[in-house]
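Please examine the sequence and the structure shown below.

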2 protein chains.
Amino acid sequence: MEGPSRVVVERVRPEIDCGAFAIKRLAGETLVVEADILVDGHDALSGEVLYRHVPEENWLSAPMKALGNDRWRGEFRATEPGQYEYTVQGWIDRFGTWRREMIRRVASEQDVHVECLSGANLIEDAASRAAGEDASKLRDLARMLRDQTDGGRGAGMALTEEVATLVQQYPDRRFAGRHAKPLRLVVDRERAGFSAWYEIFPRSCSSESGRHGTLRDCEARLPYIASMGFDVLYLPPVHPIGHTFRKGRNNETAAAAGDVGSPWAIGSEDGGHTSIHPDLGTMDDFKRLISKAKEYGLEIALDLAFQCSPDHPYVRQHPEWFRHRPDGTIQYAENPPKKYQDIFPLDFESPEWWELWQELKRVIVFWIDHGVAILRVDNPHTKALPFWEWVIAEIKQEHPEVLFLAEAFTRPRLMYRLAKLGFSQSYTYFTWRNTKEELTRYFRELTETEVREFLRPNLWPNTPDILPEFLQVGGRAAFMMRLVLAATLGANYGIYGPAFELCENAPREQGGEEYINSEKYELKRWDLSSAWSLKDFIARVNRIRRENPALHRDANLRFHETDNPAVICYSKATDDLSDIIIVICNLDAAHTQAGWVTLDLGALGLDATRTFQAHDLLGDGRYLWHGSHNYFELVPGSLPAHVMKVRKWVRTERDFDYYL
Amino acid sequence: MEGPSRVVVERVRPEIDCGAFAIKRLAGETLVVEADILVDGHDALSGEVLYRHVPEENWLSAPMKALGNDRWRGEFRATEPGQYEYTVQGWIDRFGTWRREMIRRVASEQDVHVECLSGANLIEDAASRAAGEDASKLRDLARMLRDQTDGGRGAGMALTEEVATLVQQYPDRRFAGRHAKPLRLVVDRERAGFSAWYEIFPRSCSSESGRHGTLRDCEARLPYIASMGFDVLYLPPVHPIGHTFRKGRNNETAAAAGDVGSPWAIGSEDGGHTSIHPDLGTMDDFKRLISKAKEYGLEIALDLAFQCSPDHPYVRQHPEWFRHRPDGTIQYAENPPKKYQDIFPLDFESPEWWELWQELKRVIVFWIDHGVAILRVDNPHTKALPFWEWVIAEIKQEHPEVLFLAEAFTRPRLMYRLAKLGFSQSYTYFTWRNTKEELTRYFRELTETEVREFLRPNLWPNTPDILPEFLQVGGRAAFMMRLVLAATLGANYGIYGPAFELCENAPREQGGEEYINSEKYELKRWDLSSAWSLKDFIARVNRIRRENPALHRDANLRFHETDNPAVICYSKATDDLSDIIIVICNLDAAHTQAGWVTLDLGALGLDATRTFQAHDLLGDGRYLWHGSHNYFELVPGSLPAHVMKVRKWVRTERDFDYYL
């Protein structure tokens, strides 16, 4: 029963599924909150955003402004990672109502004797909520207004903007109306929103052909990786690998002697999800890698693949965590008619589900305790959704710095659900979006709809599982194009290397996306000094990313028209327009493409009447552009894209004093 | 803690503000419900809409079908007025999953021995939930599948569609996932969705000039009103009128002797909101009017104006229900500098608010007990919103047949809030929407957005307060146009008569919308037999409405293009397309307008290759139209609009047998 409260609040935004899920922001970012605040009749209103950093119980307040049509807006800054709550409340601004009406009364020369008394009462009420100098100021004013011995001077003063501001500092919120349910906000550290990932198989880091690489070998690779400008180094599972039904090279059903098996077939007599594969080294080596990486500005991301080889200790210790077939054997993974007998999925419907959840949480905590704060989750869409919602919330309550990347290549609603329930970043369909129309439509969905409130895209041109057709057929130019797109369309992106920088593009079979002789099943030695390597190009792109804050965000993406269907153009700018980047990318790996771009100058804060310099940070060309319509020409293999920084103040004769 | 349940349900639609408010339907209508049903992995799913007629506790179930992309749809029919709840649940269709995989296994000639046992177990589980013949059928099948002594015949049978359907009748819903919160649906009787209102001042129904009309006089007017085809007769307040500060003719501040005052200045020594004005007659006269009206197919709607004259009994009995000024007087209504000293608003912030709410509810119940089931609420937006939400819910719980029309001409969000919180119908901005662009934009908002789920528009071309400029300047043709628009754009509409049918168009002042010599302040005698009267035209329009079910709904409105900005075209059709009405209306009251319409034939289910007959039910013209592009010519004053019924099967030579 609301009783005598007459103010109602509705349509608070942002909000995901009626507050079922938190929206996401980065530490230091501002959250803009809007709401409708309504009251019957014609009273003036005030509104505020209330927010708190959980578990803090006291609400902080940020004022809201009326936008017209009963819509209000306010904002607050979330400084620390963690969980926040926010809501909106509104109340009747009785002094504001009085003042607005009083101004009209005075203008029409009404007798305002009684109304002055009403005003005096309101000011006295405010005084009773104020203290110190403000309180006495307000009491004086109320007295003047009540006495009216000053020939109307009291009334005049009471109507000033200054007095209104003072009275409104001590509002009567007794009958405030508040939005039914506090909404949630999860604030992550900056790397959740801006990161460049590099994926590598440590066992292929050996300097000698045929020898199993180790974590120490991987350590030796750090300078190379850091020199390309990456900041997250993601390792496929580093755990012992099963023997039973081990897959051979090129995913052969039977492994030959010496075949190393897939790192995702986790668990053997040497241990499971909290052990290091003996051939990679020891837990000490792992800790050392973490700390060495840090010296190079690299953070290690581990793979979280919650599945077991038949040799995993869980299989003996907890057979109840697996599904059993009517013949008593444990159900292996399959997608009929394909069988994956080297993998036992965990059964999230097990009667012992609660023990299973606890154990999986223990695995995550184990690695956090060993210095890992980023987890790339393998196929989260094949594990129970409520489990993820629970475990991510549990972990982030203790460790708000931990980030989870969802490797879910599945149906859109399921990908969105995973993002909503708590994953910090998500793999996307970018991997298969190649044309201008595909890219534009998809990225508008990601950055212009409510999706941007809960899903942070992490763009991968390739992965160990996916060598997309565009890279297979487009040669080195295709790799350059896809890198530029990934690194500039997305604030978060990653590549699987060295396959990527060496432009590895041979599929196992025609029409497939698997690499031939994939590292997933064998040791590999890469020629990092190949003249073909894109490592310098990648380093340049990553440097441009770091130096330009416009590229550190996703929601600021804007597309611009080009008259050539094979060329895409988009921009990103900081809110204050101090950094503006325009990307023009050829999407045709075979031909030079030229044409005209039509910039939305308004979105870029550019003046149609002035020339500006478009400085291509990639090719270092500098172009004098004027107005919205400008020419481009992009050559695959040498200049597949422009990443242009707008430099506004090109001088003209009008800048000289004598011109004025 | 969801535990081992893996299915989640989200985005259930329709839904208003996260289920804070009910959506609306009419008795007998079908509610189509959609939702996303998601599960990790690749299991097959089933889903159902659950619904119940409050206070019934048991849920009824309607099956859902997958639409693709994880979206599901189901529907149920709400037969009775009252409140319903609905929600969606989904569960894993284990047999469906087994069957789909089994078909692929068989196709690739795998050994399916163990899988047959799995299937047999699933069928036995279903048998344990079944009874009678189904149970034994299922048990037989499970046995055949388990034994496999029939050379695979059991396996073959288990894969048939028929068996799948049988097993799915006995699903295992133990781990079903359900939408968090049941949503609400309010079902109203048919008149809530289709009604033609006529507003009249009973005191002007006298047959002798100068004599105060009575309810008996109003009774004598019923045949006239019924002959025009209306079904709701709405009376301004029939209560005693205050004397203090009574307004004179044309809203003069001081009343002259004999001035009758405004019916909205309610209350005198003769009583308040539950009394009849002595000059109108007695309570018995009122009851008699209700029953006589019913004989003519007319239902009486009363005005609910919760405000008081200074002479209202409440003022003496309950001074605490009013706001007091610092000088001890009661605060009258005002919109500075305007003062309405004849009106005291009720104070919904009174400490005695609960007693006030109870009393106002008592007033409503009083009139319901006297046979009134439709209430037109005067200015609900100037009374506390939580009060309306409470009182409408309270009333409808006991009396689901009662309808409330919100007369709120205010800001859009407030109008929508009133509709959401429970009003059955709402006045709209139609009154001021005249151009094609204005009408199209507004009616698309009302009928194509979520607004259609909670707001039922009631369109009024005029009211005693509003003589719109278009009617002031457009003459008789303007009245015809606005009538056709109101009656066909809206399933609910109304006019204030006889001012409307007599084309009364003189404003009190230039630039204002008040009628001169308004009935609000004086007795009036109307010449109903005037040759100018639109009564026959109105009767024809109302007959067309009754006879064509396409015009009984709002959400089926579709606009079609015309090449003439002064002409609007739209259609309404029943779901089965058995009744299709196309309206083409001239919006220019001064000139004949002609041009071409481009019909969206797909929306109308029409064949572009066949001629159809467009039968103008208004002018009785019959036009042979072909394809989407057709000519029209509309003459203000004689044929301002077409209201065309599509008659599809115009014969051609192709209909003769010999043509084949």
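Which rotation superposes chain B on chain A? A rotation of 180°, with 0.1 Å of shift along its axis, does so with an RMSD of 0.1 Å, the copies being superposed by least squares on the C-alpha atoms of residues with pLDDT of at least 70 in both. That is the relation of a two-fold axis. In chain B, the C-alpha nearest this axis belongs to B:Cys18, 2.7 Å from it.

The model is predicted: local features need pLDDT of at least 70, side-chain atom pairs count only at pLDDT 80 or more, and totals for chains, interfaces and linings use all residues. Residues are numbered from 1 along each chain as its sequence is written, chains are lettered from A and ligands numbered from 1 in the order in which they are written, and side-chain values use heavy atoms, with hydrogens and water left out.

Within chain B, helix H1 (residues 94-107) and helix H2 (residues 113-129) pack at an angle of about 155°, their axes 10 Å apart. H1(B) is therefore roughly antiparallel to H2(B), a term for angles over 145 degrees.

Finally, B:Thr463 lies in the loop between strand E20 (457-459) and helix H15 (469-489) of chain B. B:Thr463 counts as buried because its relative accessibility is 2%, where buried means under 20% relative accessible area (1.4 Å probe, protein chains only). Not counting residues up to four places away in sequence, B:Thr463 touches B:Tyr427, B:Tyr496 and B:Tyr515.

Technical notes: Axes are lines fitted to C-alpha atoms, for helices over the stretch in contact, and angles run from 0 to 180 degrees between N-to-C directions. Helices (H or I, at least four residues) and strands (E, at least two) are DSSP runs, numbered from the N terminus. Angles under 35 degrees count as roughly parallel, over 145 as roughly antiparallel, 65 to 115 as roughly perpendicular and the rest as oblique. Buried means under 20% relative accessible area, exposed over 50%, partly exposed in between (1.4 Å probe, protein chains only). Contact means heavy atoms within 4.5 Å.
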